[in-house]
Amino acid sequence: MVEPDGKLKKRTLYSDEIREVIKQAIISEELKPGERVVETRWAKKLGVSQSPVREAIRDLEMMGFIENRPYQGAFVRKMDKKDVIDAYYVREALEMAAMRYAVEVITDDQLEDILNVMEEMKQAVKDGNFELFVEKDSLFHEKIMQVSNNELLIKLWNQCKIREYTSISAWISDLTLETLAERHNSLYLALKTKNKEMAIEAVTEHFEVLIEEMNNIS
């Protein structure tokens, strides 16, 4: 809560609340890209000990908003739009290849597993759990890669900073989390019906939207 003088009203804050405050500061560019996130400064500003601030910063590092530089501290990550777009183009090619394999070999158990992850993703949206949504979104795609049983594809895919870029894209997207979650339906349906043409179309559409949104960032 903010007082009329602009200062935060002192009360017990949990690390997830602190994380949201710092994340909002990053998104609004109160904290600029490349700026150091000083643990003691935020602890003083929020009227808390350094421990929950440290935990919040660690969470933001895992989410891709902060990078930890050895012997220097935590800094707001400079997002290179081209890096994200390049990663999505590579992912599109890799996941296209994986889907070609998957529609031919997927078992009922694997299909049920993917469906469960998709439902958990949608439940995370209903619960307002952004971090869990990102986790389940990434896991959904990972499950498809695993079905392909192509070790080289999976190895290359894992180099695309999946969770980090998923988190950034979901946060900046003009689409709601509910819509982002629903966009996985066509991928699942293509697997369920074992329709290769539908699979290719679903993967193409899925990544075209993500790439277009990244291109629209000023």
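**Overall picture**

I began with contacts, taken as heavy atoms within 4.5 Å. Of those in the protein chain between residues at least 6 apart in sequence, 72% join residues at least 24 apart. A word on ground rules before going on: this is a predicted model, where local features need pLDDT of at least 70, side-chain atom pairs count only at pLDDT 80 or more, and totals for chains, interfaces and linings use all residues. Residues are numbered from 1 along each chain as its sequence is written, and side-chain values use heavy atoms, with hydrogens and water left out.

Next I looked up the secondary structure and found eleven helices and two strands in the protein chain. Helices here are DSSP runs of H or I with at least four residues, strands are runs of E with at least two, and numbering starts at the N terminus. The order along the sequence reads α-α-α-β-β-α-α-α-α-α-α-α-α. Along its principal axes, the C-alpha trace spans about 60 × 30 × 30 Å.

I also noted burial: 43% of the 218 residues count as buried. Buried means under 20% relative accessible area, exposed means over 50%, and partly exposed lies in between, with a 1.4 Å probe and protein chains only.

**Domains**

The domain assignment gives domain 1 (15-76) and domain 2 (81-215); such bounds come from an automatic or database domain assignment. I found their C-alpha centres 29 Å apart. Nine residues from domain 1 and seven residues from domain 2 take part in the contact.

**Aromatic rings**

How many aromatic pairs does a search of the whole structure find? I got one. Rings of Phe, Tyr and Trp (its six-membered ring) pair if their centres lie within 6.5 Å; planes under 30 degrees apart are stacked, over 60 edge-to-face, and the rest tilted. The rings of Tyr88 and Phe207 have centres 6.0 Å apart and planes at 55°, so I wrote this pair down as tilted. Because Tyr88 lies in helix 4 (residues 81-105) and Phe207 in helix 11 (residues 196-215), the pair ties together parts that are 119 residues apart in sequence. Both partners are buried: Tyr88 has a relative accessible area of 2%, and Phe207 is at 1%.

Then I checked for charges over rings, which requires NZ of Lys or CZ of Arg within 6 Å of the ring centre and within 35 degrees of the ring normal. The charged end of Lys23 sits over the ring of Phe130, 4.5 Å from its centre. Arg69 lies over the face of Phe75, with 3.9 Å to the ring centre.

**Helix 6**

Helix 6 (residues 130-148) has 19 residues and reaches 28 Å from first C-alpha to last, close to the 27 Å expected. That expected span is 1.5 Å times one less than the number of residues. The helix is mostly covered, with 14 of its 19 residues buried. Leu132 is in helix 6, and at 27% relative accessibility this leucine is partly exposed.

At the start, a side-chain oxygen of Asn129 comes within 3.4 Å of the backbone nitrogen of Glu131. Just after the helix, Asn149 takes a positive phi of about 55°.

**Other positive phi values**

Most residues other than glycine have a negative phi, so I kept looking for exceptions. Tyr71 has phi near 65° and is found in the loop between strand 1 (66-69) and strand 2 (73-76). Is Tyr71 buried or exposed? Exposed, with a relative accessible area of 90%. Lys194 has phi near 55°; its place is the loop between helix 10 (185-193) and helix 11. At 46% relative accessibility, Lys194 counts as partly exposed.

**His206**

My last stop was His206, in helix 11 and buried at 4% relative accessibility. Which residues does His206 contact, leaving aside its neighbours within four places in sequence? I listed His141, Arg183, His184 and Leu187. The C-alpha atoms of His206 and Leu187 are separated by 8.4 Å, and the two residues are 19 apart along the chain.

Methods. Polar contact = N/O pair within 3.5 Å; in protein donor to acceptor, adjacent residues only side chain to side chain.
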